[in-house]
Amino acid sequence: MERTFIAIKPDGVQRKLIGEIIARFEKKGYKLVAMKYIVPKRELAAKHYEEHKGKGFYEGLLDFITSGPIVAMVWQGKGVIATARKMIGQTKPLESECGSIRGDFGIEVGRNIIHGSDSLDSAEREIGIWFSEEEIFDYESSLDNWVYEK
Ligand code: GDP
Ligand code: MG
């Protein structure tokens with residue numbers, strides 16, 4: 001089953017959006033299979049955002065993402081990578097649809113609340129950076145048959 005890496009950034013934590021965000025993914029039908037609450041080390045953040053190295057916002061982005069606790073998660077389910085990106089919205093909150101997380105709760109690109117992997121390759125890469133296999137728990141849910149036709 002497909003998996004994606006989702007992180008509630010320091011602004012999302014400070015703004016008390018953890019419960020709201022987790023509830024949206026749960027209600028959609030996706031399964032939380034890994035989660036940790038951490039202040040990321042700069043080295044970890046740099047690895048996560050290595051595609052942006054050299055860009056003007058890169059150092060500020062690392063300062064921000066390491067500035068406080070974040071909620072790092074792996075969510076699992078059919079189509080979760082692309083659907084999570086739709087649920088999250090555009091990179092710039094003001095260009096995000098209302099109804100999306102960034103569209104509903106954000107204004108500035110540097111305070112856009114949440115991260116989500118943008119492809120299968122980046123999902124696999126990011127999950128591997130943040131979690132070991134032993135930290136990911138796939139499990140049967142009695143709701144599976146109510147979410148999936150099978
Ligand atoms: P995402 O995949 O939608 O999160 O966007 P990107 O991968 O393009 O960028 C990663 C993160 O870097 C974004 O979520 C923003 O937090 C930040 N970012 C991207 N572009 C800018 C920018 O132009 N200015 C600032 N301050 N931050 C940016
Ligand atoms: Mg990205």
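Author: Ile113 is buried, with a relative accessible area of 0%. This is a predicted model, and in it Ile113 sits in the loop between α6 and β4. Its backbone deserves a look too: the phi of Ile113 is positive, near 75 degrees, although the residue is not a glycine. Most residues other than glycine have a negative phi.

Lys16 is not a glycine either, and its phi is positive at about 65 degrees. Lys16 belongs to the loop between α1 (10–14) and α2. With a relative accessible area of 71%, Lys16 is exposed, whereas Ile113 is buried. A positive phi also turns up at Gly89, which follows α5 and has a value near 100 degrees.

From there, step back into helix α5 itself, residues 80–88. Its buried residues are Val80, Ile81, Thr83, Ala84, Met87 and Ile88. In an α-helix, residues three or four places apart point the same way, because there are 3.6 residues a turn. The cover over the buried residues of α5 includes β1 (3–8), α2 (18–28), β3, α6 (101–105), β4 (114–116) and α7 (120–130).

Now move one residue back along the chain, to the ligand. An N or O atom in the side chain of Asn112 lies 2.8 Å from an oxygen atom of ligand 1. For Lys9, a polar side-chain atom is 2.9 Å from an oxygen atom of the ligand. Val109 takes part through its backbone, where a polar atom is 3.3 Å from an oxygen atom of ligand 1. Ligand 1 has 540 Å² of accessible area on its own, and the protein covers 74% of it.

One last stop is Pro69, in the loop between α4 (58–65) and β3 (70–76). Pro69 is partly exposed, at a relative accessible area of 24%. Beyond its neighbours within four places in sequence, Pro69 is in contact with Pro10, Val13, Tyr37, Ile38 and Val39. Val39 is 30 residues away from Pro69 in sequence, yet their C-alpha atoms are 4.2 Å apart.

Key
Residues numbered from 1 in each chain as written. Chains lettered and ligands numbered in written order. Predicted model: local features only at pLDDT ≥ 70, side-chain atom pairs only at ≥ 80, totals over all residues. Heavy atoms only, no water. Helix = DSSP H or I, 4+ residues; strand = E, 2+ residues; numbered from the N terminus. Buried < 20%, exposed > 50% of the residue type's maximum accessible area, 1.4 Å probe, protein only. Contact = heavy atoms within 4.5 Å. Polar contact = N/O pair within 3.5 Å; in protein donor to acceptor, adjacent residues only side chain to side chain. Areas by Shrake-Rupley, 256 points an atom, 1.4 Å probe, with all protein chains shown as cover.
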